[in-house]
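Trainee: I would like to go through this model term by term. Please set each label against its rule.

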Amino acid sequence: MRGLLILWRRELAMAWGGGGGPLLACGFFLCLTVLVPLAAGGDPAGLRPVAGGIAWLALALSSILSLERLFERDHEDGALDLIALGPVPLELAVAAKAKAQWLAVGGPLALTAPLAAITLGLPPAHAPLVAASALIGGLGFALTGAMGAALALGSRRGGLLIAVVVLPLFIPPVVFGAGALERAASGLSPAPALALLAAYVLFAGVIAPFAGAAAIRNAQG
Amino acid sequence: MLTVSGLALARGERVLFRDFDLTLTSGEAVALSGANGAGKTSLLRAVAGFIRPEAGRIAFAGVEPSDARARHLHWLGHLDGLKGARRAREELTFQTSWLGADAAGVAAAADVLALEPLLDLEVRKLSAGQRRRLAFARLIAAPRPIWLLDEPFAPLDARWREAMGVLMQAHLDKGGAILAAVHDPLPIPARTVEIGR
């Protein structure tokens with residue numbers, strides 16, 4: 001447990017310290033959501049039905065930005081070898097890194113999400129739902145993203161590869177998350193969609209650490 | 001402490017060596033020598049569990065390999081595992097505490113390696129030799145019996161090579177063991193094992 005805490009603290013410090021990754025993701029997120037209404041023309045009413053979907057698409061894209069650094073830096077400078085010889089199984093180390101990624105990037109993105117949703121024309125009353133669903137979905141993005149980042153280890157142009165590997169796996173959370181906002185907009189309870197979103201996160205939480213650790217061992221060999 | 005028997009390693013399609021045997025006992029240092037590309041680093045990485053052997057066995061006395069790798073091995077390769085953008089103190093704290101060192105051990109390691117003046121600098125400002133000393137601190141601070149070293153002295157000057165020799169001898173005297181890939185002879189009495197032809 002102590003080892004996990006040590007690794008987790010280091011990951012958080014690196015995510016916040018190394019050039020403002022979280023702020024970059026939030027800035028990118030806001031830029032995307034400001035661009036869409038401008039590109040779609042000045043009709044907010046026309047945008048409203050797809051606003052939830054666009055917010056979630058922007059969220060998914062912003063979550064990918066800093067994934068390349070998650071394992072690649074540690075692979076390049078040898079720290080991943082050190083991590084593999086530590087007291088914590090590699091699977092748990094992957095989970096710890098994903099959780100730190102969630103807190104460092106997913107958290108700020110979830111705080112930014114209500115602002116982005118309002119920009120897109122969603123009613124301000126739904127802001128808490130937007131933030132909560134973005135926070136749940138962000139954990140799924142971080143877990144699946146960590147798996148994709150591990151799979152892309154050692155390849156040149158890893159960032160692009162991560163996006164291609166990970167984006168298809170982001171389809172379910174985007175569908176469920178946007179579904180929750182849509183149900184809320186039409187006066188229904190968002191709970192079923194949120195439950196599906198949470199189920200995806202649990203599924204990713206079981207699969208991603210094992211797949212990620214296997215990919216790292218493969219890259220180390 | 002470590003027994004390697006009938007080991008065969010391959011990188012891609014190329015077989016590096018076959019039927020390699022090695023025994024490492026407590027208090028012993030083994031220097032692996034061989035031409036570039038003979039497989040010194042690959043052998044060390046196989047012992048550390050990073051490479052799966054084609055054939056043969058790597059056994060640690062009294063412990064399962066996975067347990068040995070989590071608690072009994074130190075690995076110091078070409079790469080120091082240090083982050084250029086972080087301060088030396090942060091990296092020292094992470095590397096040592098990750099491997100289970102306590103504060104007293106870290107202080108002792110920093111003292112014996114003369115790291116104190118470096119600790120407030122960013123790692124990228126350190127020279128290669130200073131980085132190597134910083135990475136070496138985890139071997140001193142967190143006691144683990146088997147040291148796997150890959151060209152440990154390449155960036156160090158004569159004075160520090162000698163100082164490292166003293167630290168390695170102290171490790172052997174405490175019952176530890178060292179397996180090192182080297183081109184120059186180790187600064188301590190060591191058995192040399194040739195790899196490849």
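Trainee: Which residues touch the most other members of the largest nonpolar core?

Mentor: They are Ala55(A), Ala146(A), Ala150(A), Ala137(B) and Leu148(B), in a core of 136 residues. First, the ground rules. The model is predicted: local features need pLDDT of at least 70, side-chain atom pairs count only at pLDDT 80 or more, and totals for chains, interfaces and linings use all residues. Residues are numbered from 1 along each chain as its sequence is written, and chains are lettered from A and ligands numbered from 1 in the order written.

Trainee: What makes a set of residues a nonpolar core?

Mentor: Its members are buried Ala, Val, Leu, Ile, Met, Phe, Trp, Tyr and Cys residues, joined through C-beta atoms within 7 Å. Buried means that 20 or more other C-beta atoms lie within 10 Å of the residue's own, with C-beta atoms placed from the backbone. Helix H7 (residues 90-119) of chain A gives the most to this core, with 15 residues. Helices here are DSSP runs (H or I, at least four residues), and strands are too (E, at least two), numbered from the N terminus.

Trainee: Which residues does Ala146(A) touch?

Mentor: Leaving out residues up to four places away in sequence, they are Leu70(A), Val94(A), Lys97(A), Ala98(A), Gln101(A), Ala208(A) and Gly212(A). Contact means C-beta atoms, placed from the backbone, within 7 Å.

Trainee: How many residues does each chain bring to the contact between A and B?

Mentor: Chain A brings 17 residues and chain B brings 22. On the side of chain A, H1(A) gives the most, with 6 residues.

Trainee: What are the domains of chain B?

Mentor: Domain 1 is 1-72 + 147-197 and domain 2 is 76-144. Such bounds come from an automatic or database domain assignment. Their centres, taken over C-alpha atoms, are 22 Å apart. In the contact between them, 13 residues of domain 1 of chain B meet 12 of domain 2.

Trainee: Why are E2(B) and E4(B) called edge strands?

Mentor: The open sheet has 3 strands in the order E2-E1-E4 (chain B), paired antiparallel. Strand E2 (14-24) and strand E4 (55-60) of chain B each have a single partner strand, so one side of each lacks a neighbour in the sheet.

Trainee: How do you know that E1(B) and E2(B) pair?

Mentor: Pairing asks for at least two bridges found by DSSP between the strands. Strand E1 (residues 2-11) of chain B and E2(B) are joined by 7 bridges, so they pair. Ala10(B) stands opposite Val15(B) in E2(B).

Definitions and conventions: Contact = placed C-beta atoms within 7 Å. Buried ≥ 20, exposed ≤ 12 C-beta atoms within 10 Å, placed from the backbone.
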